[in-house]
Amino acid sequence: MQHHPTEFKLKHLISALIIALISVSLLIFSSLTLHYQLDKKTQLENLLKYEQSSIPNLSPAELKKHLHNQWQIFQLSYPATELAIVEFSDFGSKVIFSSFQNTPQSHQNSLNERILQLSEKRLLETPKDQDSSIVEFLNQQWQSFLDSEQFHLQSFMPENGWYLATYQPHNWLPPFAQKSLSTTLTILAITITMIAFAFFFSLQKTTKRLNSTQERYQQFLNQNLDWVWETDTQGIIIYSSNHSFNLLGIDANRLLGISLFSLIEQTYHPEEIKKLRHALTQTDPFFNLEFALKHSSKKRVYGVFYGQPFFDNHNQLLGFRGTCRNISAYKERQNALIEQLNFDAVTQLPNRVYLMNSLNRLYQSKVAGQHYALILLDLNGLQEVNDFHGHRYSTLALHLSAERIRKAVAQKNLVCHLNGTEFAVLIRTPHATKKSITAQMELLAEELIYELEQTMIFEEHSIMLKANIGIALIPENGNQVPKILSSANQALYESKQTGYGRYQFASTDPTNYEQAHDKTAEQLKTALEKNQFKVKYQLQVNTLQQKIIGLEALLRWQDPATKKIIPAGEFIHIAEEMNQIIDLDIWMLKHVFHDGQQLISQLLLHRQETDKLPTIVINLSSDTLISERLKPTLQQLIKTTDFPVQKLRFEISENQLVRHANKAACAINELSEMGIKFSIDQFGTGWSNLSYLQSLPISFIKIDKSNISDIAHNPQSMKLTKTLIQMAHSLQIEVIAEGVECDSQKHLLQQNGCIFMQGYLFSDIISLSKVQSIIEHNLNDQPIPN
């Protein structure tokens, strides 16, 4: 991957030298040619003068022999030149001497014939009163012909009518070029020399630029903390930057020739390894592939790979090149955060998130013949300990209770702390019959109640707690996670109705269970038809500017018989089980658009910009999010109302999003293109893959009130909340804290960078008319009224 310009420089330097050599050769050849032409002309003139003075009395035969001998001497220096002497007289013309022995016979004959024929023709056409001599006439009239045949015509012995013709049959240049050959070659040589110099200076500039580029590239490699690598088509490393030592503890040279896959822990991220192999096979670029890597010190490090193929000039694959970024510190923080999200800060036990994930895995496995029991346990009296003895002693009592539960339950079973007073135990029951399982759970429940009701002594304080237990059997009491939780909660509720220190099994009569759900489902259907639902709102505020930034829409069900308002938490899970949740969400969406249109009208009435309208937030289930009904409904509402879709934000809970992760991500991306914003609700209670947030267009995350409620008293809760805020901000996502009820919570959140909040400290759950009153008050830049 690293290419030094020396090879380029040497190659072009050789080219420049070759051009220079050609130029010098042409100059030398030009000089020799000029010398040759001048020397030949001088010798020929001397020869002719000598012959004219030395042969006045020779007979034609002797003259012919003498000329032949002399011409052979001349040809030793100029072998390409031939000679002919033609005699012109009033009686005709004839060739009296010829040295054309080196030319083909046919050429000689045709040449002699043409000269004689043309001579006779021109003699006949000569006017009788022509003043010029025959030789002068021939010299003038035939010059073009003779020159075109590479002849030079010259008077030799005028008194005899002899005419000398010299011939160069092998000269490939035209006549005008023969006369200026040396000049042409000289100009050509100078031109090539100038080109060579220009090329050389251009080469110097190019080399300087390459050196500068090389220096910048090397500086980039040195300053870049990523490991830069290159492989051949088989994944064998053929280049490695020096940063391999920082990542793997291995020098770059030692990596050459080994497989890229040999550096990856094969037992981790198997799906990512498959993606990498597929990319190398299909010559596809790959991005953001996380791997656990082997370090020379045997410790585990993590890297994220980016790579793409590179090809030769014929589009043949040469290999892959890319980078690997060390994300070990990030993974450590992520793992620590995941641990914080999955474990209770006070008791160090797994929390509700961990329990939900365990139940989901259990139901997804569907191993035949396996039986489990879910025990929900609630401590009574812990709040009184906090009120009378203080937070320190209630925490000590909670710790000791958790330890007693752990000891009573076998180590292989799961114990979770769900909230302040509630615990859960998930037990695998090896017994196959319902009777034996029930007997085992009865013994365990009695032991738990006995242990938890033992007196606790802390210094001078004596503390006693009571316990209630609800037991649901899996799969007898539910074939889905919400159903088994509902069964266990119902059993716990029934045990409390009979007094403290009691346990109760969930009803195993499927008829009663189904009948209750069917009745509720029918009531929900009727409520939709008769418009028995209400939409209320709670403000979301910017605590620094004292401005409203959002209105969370909350669904309420008013019982027609008792007129009692039923919170959504008491019927939403039933709507999900009975496949009515999409109908509920669509109803609420239509109602919110209608309310939003009224708020827009209010702004226009006060001649205010619609940008001042707070964003309306709707809690949406993942079933509705991926439903085919959602987008057409939105498009229809956008057409028929004035409510701007940019002022709409959908809120999806973490657990809901995990249920349909891939489909939900596609739906979020598609709806975001319409202008709808998204936020994650109940953040910090169930997210198992934090890096997934980076790929979603999320505007806000909402920290769940279960994390906020204890931050003023519990340093671990504050530490977790701070970590969540920092992580969200690192992803360029804003944070809203839910359930803020006192100033101490507000100030702690502000100190740690969270300025957007929601809770009873700022607003009750209010009607649309109350919202309109608050917005009108807020339009005049008045602080939010209490």
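View 1. The buried residues of H15 are covered by elements including strands S10 (372-380), S12 (422-428), S13 (456-458), S15 (466-474) and S16 (503-505), together with helix H14 (391-408). The model is predicted, so local features need pLDDT of at least 70 and side-chain atom pairs count only at pLDDT 80 or more, while totals for chains, interfaces and linings use all residues. Residues are numbered from 1 along each chain as its sequence is written, and side-chain values use heavy atoms, with hydrogens and water left out. Helices (H or I, at least four residues) and strands (E, at least two) are DSSP runs, numbered from the N terminus.

View 2. Buried residues (under 20% relative accessible area, 1.4 Å probe, protein chains only; exposed is over 50%) in H15 are Ile437, Thr438, Met441, Leu444, Ala445, Leu448, Ile449 and Leu452. They line one face of the helix, because seen down its axis they fall within an arc of 135 degrees, taken from the directions from the helix axis to the C-beta atoms. Lys435, Leu443 and Tyr450 are exposed on the other side of H15.

View 3. Glu552 lies in strand S18 (residues 547-558) and is buried, with a relative accessible area of 2%. Leaving aside neighbours within four places in sequence, Glu552 is in contact (heavy atoms within 4.5 Å) with residues including Lys536, Tyr537, Val617, Glu651 and Gln758.

**View 4. Polar contacts of the Glu552 side chain.** A polar contact is a pair of N or O atoms within 3.5 Å; within protein, one must be able to donate a hydrogen and the other to accept it, and residues adjacent in sequence count only if both atoms are side-chain atoms. The Glu552 side chain makes such a contact with the side chain of Asn619 at 2.7 Å, and another with that of Lys702, at 2.7 Å.
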